2 protein chains.
Amino acid sequence: MSKHNFSAGPSILRNEVIKSASDAIIELNNSGLSLIEISHRSKDFVEIMNKARLLALELLNLENKGYKALFLQGGASLQFLMTAYNLLDKKAGYLNTGSWSTKAIKEAKLFGKIIEVASSKDKNFNYVPKDYIVDPQLDYLHITTNNTIFGTQIKKLPETNVPLVADMSSDILSRNIDFSKFDLIYAGAQKNIGPAGTTLVVVKEDILGKVNRNIPSMLDYRIHIEKDSMFNTPPVFAIYTSMLTLEWIKNSGGINSIEANNSKKADMIYNEIDSNELFEGFAAVEDRSSMNATFNLKNASHKEIFDKMCKDADISGVNGHRSVGGYRASIYNALDISSVNILIDIMKELKNKV
Amino acid sequence: MSKHNFSAGPSILRNEVIKSASDAIIELNNSGLSLIEISHRSKDFVEIMNKARLLALELLNLENKGYKALFLQGGASLQFLMTAYNLLDKKAGYLNTGSWSTKAIKEAKLFGKIIEVASSKDKNFNYVPKDYIVDPQLDYLHITTNNTIFGTQIKKLPETNVPLVADMSSDILSRNIDFSKFDLIYAGAQKNIGPAGTTLVVVKEDILGKVNRNIPSMLDYRIHIEKDSMFNTPPVFAIYTSMLTLEWIKNSGGINSIEANNSKKADMIYNEIDSNELFEGFAAVEDRSSMNATFNLKNASHKEIFDKMCKDADISGVNGHRSVGGYRASIYNALDISSVNILIDIMKELKNKV
């Protein structure tokens, strides 16, 4: 791999993870079989699944606290619907901080009354609303901890007594917060966990079984829990590769070490955005994401030359999302500081070229 | 790969597919990036997705006939629910030929009246019911073309004017039938298409939009069609590897060649089952599956020695499902005749050892 991969997702994985995943496709554990042609009921895969689930709970410091970890399919998009199917009885609150929150709200509305506790839509989601009131009668409050598209991140968790549900797709395992404040966490794997194709769901069992509707089996968290995340054939490859990434995080010293590294990377890039007169940040400074740095060229005519410089430096995936424009550097867990340095060098160098 | 892999699913893939999949994980198309770290919106992946969808329609001879091919997540288990969500208005008919049909019926019951047009449960699903009547008022008739667990297969398609929906998970692309008789076909990839983690859905567009309910976005075929199977992040690796398998089928001469090979393998194994006095077949002879051959030892005390002989011959995955017992040799498209020969040799040899 020679590219500096700033893609927003699917996104960079560690080289050692990629190598091991590639090897396992040829042969898993000297079994004479490829990872992708073994039964999901085989001893080898049952061990992989159990290890991945345990590692997720361990890294989030949620072992023995009433939580179960599942690796499901369908991404966060299916979770928008599953959370409401399983938890929404009368009314739920949603904090609207971007495109994904908006989609979550849309799906949940099919199942009950949705109260948008606050929204930052008025400023194209460039900040995170604070000081909103959470009705204590809500079935749950749903938040999106990091907004991939807009580059904002919730720094202070809401204080509430209602169950807290979070879409952590783009910042799970990137920073140490008190995960026991959440009752349900979900995250598509394709940013900080693994390849596209599986979704980590961590759910506190005692919030389930309280709604009065028939839940189809595939959408019922209780059934997936009862079957140890093997109710149906799981996405074997995506789970194996996720397990490898979780092992890498553990062996790197856990979330605290990862967070220290992420902070360093984020500081570096935001310092450059703020000190370089050719650029400006998109997100409100206090809400800036440590995962996705969104920024623009002040002078649009510099775009062509900057894009070419990026390309020549083997920088990949820095184009901003169409709803924001400009640039977005996704600096997920797996990205090395060296790649951030290269990007910053290019940003500095631009001054000499325009 | 040294094993003879008779696993029922996830199951054998071609060696050349496995090799190419492993290589693409290291680097895709000289892009400097791994297949599993590129954006699903990248030119490379959009091409892969489009190619896989086109190949599916082409191999099924369903091009330009009003069908769309999708690669979704959630396996056949999510399709049990999606078919009913999208198509069941008042009442639907289900042919109950095994465990998977039974599960499909259970999920569909949440959405309307289900009429079991016939069932072979009376004989532990060892045959396929025929001569049943299909109410012309049904919203659709659902069949399971091949029953992986019991080793039966529908040889003659039902004659009906109501839309025909089929779970073809375990025999898709294995034999040439008139696929245009179906209005919706779904198949988990992990038997004849690719690794676990994606589901091929082929749907005739004009049957959609006729039910009177709100369908959540992720469960709505129309939304997946509108977004070219990219409504949410697709399972990149599973789709790429499926594309490789579809290419292999095309390059092997298409379904007709594959079918000829499958018939040969099935004839070989059933001939041995019938001619070897130590074994007996499970499924009714006229309904025998060309994909999963189920059989038993007449004398259970021979099990230990036969199992050891299989193991010594590097035969893997021939244990029967717990609801049938005995043995099941899954002889999917990718399995070479040479592996079937090895199994038959062992079955013959058993006579000299007991």
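Modeller: Start with one residue pair in chain A. A:Ile185 has A:Val202, in β10(A), as its bridge partner. Keep in mind that this is a predicted model.

Colleague: Which strands do those bridges join, and in what sense do β9 and β10 of chain A pair?
Modeller: Strand β9 of chain A covers residues 184–188, and strand β10 of chain A covers residues 199–204. They pair in the antiparallel sense, over 5 bridges.

Colleague: What holds paired strands together in general?
Modeller: Backbone hydrogen bonds, in either a parallel or an antiparallel arrangement.

Colleague: What is the strand order of the open sheet in chain A?
Modeller: The order is β2-β10-β9-β8-β5-β3-β4 (chain A). That makes an open sheet of 7 strands, with mixed pairing.

Colleague: Which strands are at its edges?
Modeller: β2 (67–72) and β4 (113–119) of chain A. Each pairs on one side only.

Colleague: And what is the average twist?
Modeller: From one strand to the next, the twist averages 15°.

Colleague: Which strands does helix α3 of chain A lie across?
Modeller: Helix α3 (residues 75–87) of chain A lies across β5 (141–144), β8 (164–167), β9 and β10 of chain A. The helix runs at about 160° to β9(A).

Colleague: Pick a residue in that helix. Is A:Ala84 buried or exposed?
Modeller: A:Ala84 sits in helix α3 of chain A. A:Ala84 is buried, because 27 other C-beta atoms lie within 10 Å, and 20 or more is the cut-off for buried.

Colleague: What is A:Ala84 in contact with, leaving aside neighbours within four places in sequence?
Modeller: A:Glu107, A:Ala108, A:Phe111 and A:Gly112.

Colleague: How far is A:Ala84 from A:Ser252?
Modeller: Their C-alpha atoms are separated by 36 Å. Along the chain, the two are 168 residues apart.

Colleague: Let's zoom out. How many helices and strands does chain A have?
Modeller: Chain A has 9 helices and 14 strands. The radius of gyration of chain A is 21 Å, close to the 20 Å that the globule rule gives for 354 residues, so chain A is as compact as a globular protein of that length.

Colleague: What does the C-alpha trace span along its principal axes?
Modeller: About 60 × 55 × 30 Å for chain A.

Colleague: What share of chain A counts as buried?
Modeller: 54% of the 354 residues. As for contacts in chain A with a separation of 6 or more, 67% come from residues 24 or more positions apart.

Colleague: Over to chain B. What is the strand order of its open sheet?
Modeller: β2-β10-β9-β8-β5-β3-β4 (chain B), 7 strands with mixed pairing. β2 (67–72) and β4 (113–119) of chain B stand at the edges with a single partner strand each, so one side of each has no neighbour in the sheet.

Colleague: Which way do the residues of strand β5 of chain B point?
Modeller: In strand β5 (residues 141–144) of chain B, B:Leu141 and B:Ile143 point one way. B:His142 and B:Thr144 point the other way, and all are buried. Side chains alternate between the two faces of the sheet in a regular strand.

Colleague: How many bridges join β5(B) to strand β8 of chain B?
Modeller: 4 bridges, in the parallel sense, with strand β8 covering residues 164–167 of chain B. B:His142 has B:Val165 as its bridge partner in β8(B). For B:Ile143, the partner in β8(B) is B:Ala166.

Colleague: And how many bridges join strand β3 of chain B to β5(B)?
Modeller: 2 bridges, and the strands run parallel. Strand β3 of chain B covers residues 91–96. B:Gly93 has B:Leu141 in β5(B) as its bridge partner.

Colleague: Now the two chains together. How many residues does each give to the contact?
Modeller: Chain B gives 51 residues and chain A gives 51 residues. On the side of chain B that touches chain A, the largest share, 5 residues, comes from α1(B). By class, that side has 23 nonpolar, 24 polar and 4 charged residues.

Colleague: Last one. Which residues touch the most other members of the largest nonpolar core?
Modeller: A:Ala108, A:Leu200, A:Tyr240, B:Ala108, B:Leu200 and B:Tyr240, out of 218 residues in that core. Not counting residues up to four places away in sequence, B:Tyr240 touches B:Ala21, B:Ala24, B:Leu35 and B:Ile48.

Note on methods: Residues are numbered from 1 along each chain as its sequence is written. Chains are lettered from A and ligands numbered from 1 in the order in which they are written. This is a predicted model: local features need pLDDT of at least 70, side-chain atom pairs count only at pLDDT 80 or more; totals for chains, interfaces and linings use all residues. Two residues are in contact if their C-beta atoms, placed from the backbone, lie within 7 Å. Ala, Val, Leu, Ile, Met, Phe, Trp, Tyr, Cys and Pro count as nonpolar, Asp, Glu, Lys and Arg as charged, and the others, Gly among them, as polar. A nonpolar core is a set of buried Ala, Val, Leu, Ile, Met, Phe, Trp, Tyr and Cys residues joined through C-beta atoms within 7 Å. A residue is buried if 20 or more other C-beta atoms lie within 10 Å of its own, exposed if 12 or fewer, and partly exposed in between; C-beta atoms are placed from the backbone. The radius of gyration is taken over C-alpha atoms; the globule rule is 2.2 Å times the number of residues to the power 0.38. Two strands pair if DSSP finds at least two bridges between them. Axes are lines fitted to C-alpha atoms, for helices over the stretch in contact, and angles run from 0 to 180 degrees between N-to-C directions.
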